[in-house]
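Here is a friendly briefing to read beside the sequence and the 3D view. Have both open as you go.

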Amino acid sequence: MSRAFLLPLLLLVPLLPAAAQSDSATAAPAPLPAALALAAAEPAPAEPAAVAPTGLTAQPWYRPHHLLLQTAAGQGLITAGVGYTTLRGRVDLDVLAGYVPSKYSITPMGIFTAKAGYSPWTLHLGQSRWQVRPFTVGALVSHTASRGLNDSRDGKYEPGYYWWSSRTRVGGFVGGKVSRVIGHNRYGHPRTLGAYYELGTNDLYLSSIFTNLGALGVHEILTLGFGVKYDL
Amino acid sequence: MPQLFSAFHSFLRRRRGLLPGVALLLSSLLAGCDLIEFSPNETRTPEAYHDLTRKSLERLQQQPKPLGGDTVRFVFIGDSQRFYEEAEAFTQSVNQLPGVSFVAIAGDISDFGLIREMRWVHDRLKHLNVPYLTVIGNHDLVANGREAYQQVYGPLNYSFEYGSTRFVFVDTNGREYGFNGRVPNVPWVQQALANPGPGIRRQVVMSHVPPHDADFDPQLVAPYVQALSSAPRVAFELNGHKHDFSVGQPYENGLTFINSYSFEKRQYLVLTLWGEKEFKLDTVQY
């Protein structure tokens, strides 16, 4: 019973080099764990070629994969960030810091956002250096720091009077990106500079539309933002 | 598909000025539109949603008074917060009423204190045939709401005269200010109610939180009620916050307090005033 879960590992056997297979044949009947031990002893594959998809190379965790500069989408008038790309270039994880001046607020706002975007397709435009990510879907959470912002949960009322936080927002978005390869990074991966857009909304707008289906239009709760993303 | 992309690409290459041109056009189109938002808490608003109290008062003074003599009639409701469907139905209902001069909304225009909510409410109430006037509610003060309300509507305390009546609208949401002893601004209320001219038959006060509510600054209840009862010819105070209709005299001084239905109740009051303190209350369902 406890070994049953090992059975799918048999599928790995054809992947072993021919020498390893003949070794296990001479030691017949070779128990499965021996074959696995051989597989583990095999040298690691050569370092990834330059064609490996972005994000697969082991990089120090502290070295972000890209820089971002953005405006609007509820994340600041001017917003800068860094991020990581993973899952064969399909997922971007970004952290951003945005700024809204006191002209548009009681006191200046700092907006700190973490977001994750999933882009299933990257299309290459013919033989050119242009790439298009036609569709991205993502989620974000943000925190707004501002001295003058009136807290909804600071004990002025009994707990639960205001069910939402006036500082923390959760949101979702769809988007797209057009980028151009501009050389290669230190790992030999293509380096791109791209422009993206985000069409999104947040928890409070969603809560407004869900209680007013048909009366509040989807176009009324949308926000739009633009940015550029530069591979490091 | 690749052929399509390369054709698109060669098209772009042949017109190098096209991309920046399109970007410029798009950004100028979007600048005036709701989509571009730096923060849900921003206080930026287009001119069409700015300074609405002043614009409504100008409209009110320009329109002919529908009822003769010293009689004045207006619609009274409160707490439009997140009731957009009801706001549309309310607008249609009020537009069928005769003799109404304006609509008074007793605060909580928004639910989350967001400027976009105030624009959503105005997008519905701007279809009223008469102007509407608001006073700030506690929900309008959450987050950057105070500044958002000031941008979209205007002052938190203001007064105006219409139809032989002086109306005094005042911010009484003391709990939002941590009961700091300054909201409501009692000296301002005293001054606003002082010395009504000979043409003023009565005075009406409107605020969101009534003084007999736990969200009114306790240290200011007595001075505020005193200010109202000692002022000349105060007919009654109008309030919201409780989301339901009531009328009563909770203090010994005989001052009348009328609380509004909220938008969700799908009912509103029509108030008709004449003489010094005579009034008639009608309830309309919509």
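This is a predicted model: local features need pLDDT of at least 70, side-chain atom pairs count only at pLDDT 80 or more; totals for chains, interfaces and linings use all residues.

Residues are numbered from 1 along each chain as its sequence is written.

**Fold and surface**
- Chain A has three helices and nine strands, taken as DSSP runs (H or I, at least four residues, for helices; E, at least two, for strands) numbered from the N terminus.
- Along the sequence, the order in chain A is α-α-β-β-β-β-β-β-β-β-α-β.
- Of the 232 residues of chain A, 41% are buried, meaning under 20% relative accessible area with a 1.4 Å probe, protein chains only.

**Largest cavity**
- There are four cavities of 30 Å³ or more; a cavity is a set of points on a 1 Å grid over the protein atoms alone where a 1.4 Å probe fits but cannot get out, and lining residues have an atom within 4 Å of a point.
- The largest cavity has a volume of about 180 Å³, the volume being the space filled by probe spheres set on the points.
- Its 18 lining residues include Asp92(A), Thr136(A), Phe173(A), Tyr196(A) and Lys229(A), the closest to its centre.

**Second largest cavity**
- The second largest cavity has a volume of about 150 Å³.
- Closest to its centre, among 18 lining residues, are Ala73(A), Gly74(A), Leu140(A), Thr201(A) and Asn202(A).
- Strands S6, S7 and S8 of chain A each give at least two residues to this lining.

Terms used
Chains are lettered from A and ligands numbered from 1 in the order in which they are written. Side-chain values use heavy atoms; hydrogens and water are left out. Buried means under 20% relative accessible area, exposed over 50%, partly exposed in between (1.4 Å probe, protein chains only). On a 1 Å grid over the protein atoms alone, a cavity is a set of points where a 1.4 Å probe fits but cannot get out, and a pocket is an open set with protein on both sides within 12 Å along at least five of seven lines; lining residues have an atom within 4 Å of a point.
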